Amino acid sequence: MSRRPKCIVRGSINHDEYFYVDHISKPGETISSKRYESRVGGKGANQAVAITYASGLVEFSGSVGKDGKWILEYMEEHAINPSGIIISENETTGRAIIQVSDGGENSIVLFPGANLSELHEKRNASSSQPWFPDATHLLLQNEINYQSTLTSLLKAKDEGLCTIFNPSPMLSPTQIRAFPWDKVDWLLINEGEADALYRGSQGSTAHKDSQTASTTSVKDGVASLLASLDIFNNTNIVCTLGADGALAYPRRSDGSEMTPVYRPAATLQGDFRDTTGAGDCFTGYFVAGLMWYPPDARLGRDISEDDISRLLEFSNQAAGMSVERPGTIDSFPGRDQVMQRIAQVHKEIGRSRSDLDITQNLFDNSNSTMS
């Protein structure tokens, strides 16, 4: 039977409080905020909304406290069905205190609150039905209970889903060494997370290697060290590089040597800069792009290096556009806006429309059905 690809996002949802400041406060320093805003956030909620903005079908599973009932209405306004959000009677809603400087940098303090509840897992365990019916993909971060992440990951693999993990904030070294990385199909990280993951997996021997890698080219940096580790033999790795773009290390279906796929960052427009939502925007758009392909797609089987290059361009462009706007969810562009910007860039550099047409066709196909 044919079905439209659907991603389950089991993740966090927060009440985000933004304080706009001249500069990020230093230890012991008290500064005044020039503006205050109250919004919905959490990496799970952010990435779920980004997937919908990229025209992907998503179901969000998270928890809030009784003080967060207004968040359900907000999510529904952003095309997320609130039925997957459980209200905890015993916990308050997660909070994020976010400073945003004039230069666009940010500093975030998190309080997990209801995000650490295991209400979803307890509910699913009491049923004999599949945990993720009709789903093709599962996206996880690291802002919920660690056991919830593990359980969801293992159940998803048992049910044949493509699993994507964005371990932010990073796992502890003990968790890194015990984690079932062979169950992760796609690992999405930034450079700092790649370094922490490499050091955590290799212990005391990793410091010199990661220091050496940090002084080499982007294609030979710490992400390449990470991709060479045996624990990631089954995992495709995508590493965002900030202003340098993004780099993928896709695993080949025949097990042959990997070829890194690199795309530069998008060229930004205007003068305003706010990086708060860029990472989550990239992740949501990349996952929506993965949903163009079968859940078990591997390089050389159902997906090519050119396909991955287009996914990186698509995600880089969306993330770049989010930096041009304030906030997190409110900064995310829609799919059509991203496609228009890519078309504009292609025209300016004299590039043919072929790549753009292929991307558009993939979107149209993914929004219909798959076998």
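This is a predicted model: local features need pLDDT of at least 70, side-chain atom pairs count only at pLDDT 80 or more; totals for chains, interfaces and linings use all residues.
I started with helix 2 (residues 69-77), which lies across strand 2 and strand 3 and runs at about 80° to strand 3. Contact here means heavy atoms within 4.5 Å. Axes are lines fitted to C-alpha atoms, for helices over the stretch in contact, with angles from 0 to 180 degrees between N-to-C directions. Helices (H or I, at least four residues) and strands (E, at least two) are DSSP runs numbered from the N terminus.

Residues are numbered from 1 along each chain as its sequence is written, and side-chain values use heavy atoms, without hydrogens and water.

I read the order as 3-2-6-7, an open sheet with mixed pairing. Two strands pair if DSSP finds at least two bridges between them. Strand 3 (35-41) and strand 7 (106-111) are the edges, each pairing on one side only. The twist averages 20° from one strand to the next. Strand 2 (residues 14-21) runs antiparallel to strand 3, with seven bridges. I found Tyr20 bridged to Arg35 in strand 3.

Three bridges join strand 12 (residues 246-249) to strand 13 in the antiparallel sense. Ala246 has Arg263 of strand 13 as its bridge partner.

**Helix 10 and helix 11.** Next I checked helix 11 (residues 335-348): its axis and that of helix 10 come within 10 Å and cross at roughly 105°. That makes the two helices roughly perpendicular, a label for angles of 65 to 115 degrees. On the helix 10 side, Phe314 and Met321 are among the contact residues; on the helix 11 side, they include Ile342 and Val345. The contact residues divide into seven nonpolar, three polar and two charged.

**Cavities.** How many cavities of 30 Å³ or more are there? I got three from a search of the whole structure. A cavity is a set of points on a 1 Å grid over the protein atoms alone where a 1.4 Å probe fits but cannot get out; lining residues have an atom within 4 Å of a point.

Note on methods: Angles under 35 degrees count as roughly parallel, over 145 as roughly antiparallel, 65 to 115 as roughly perpendicular and the rest as oblique. Ala, Val, Leu, Ile, Met, Phe, Trp, Tyr, Cys and Pro count as nonpolar, Asp, Glu, Lys and Arg as charged, and the others, Gly among them, as polar. On a 1 Å grid over the protein atoms alone, a cavity is a set of points where a 1.4 Å probe fits but cannot get out, and a pocket is an open set with protein on both sides within 12 Å along at least five of seven lines; lining residues have an atom within 4 Å of a point. Grid points are joined across faces, edges and corners, and a volume is the space filled by probe spheres set on the points.
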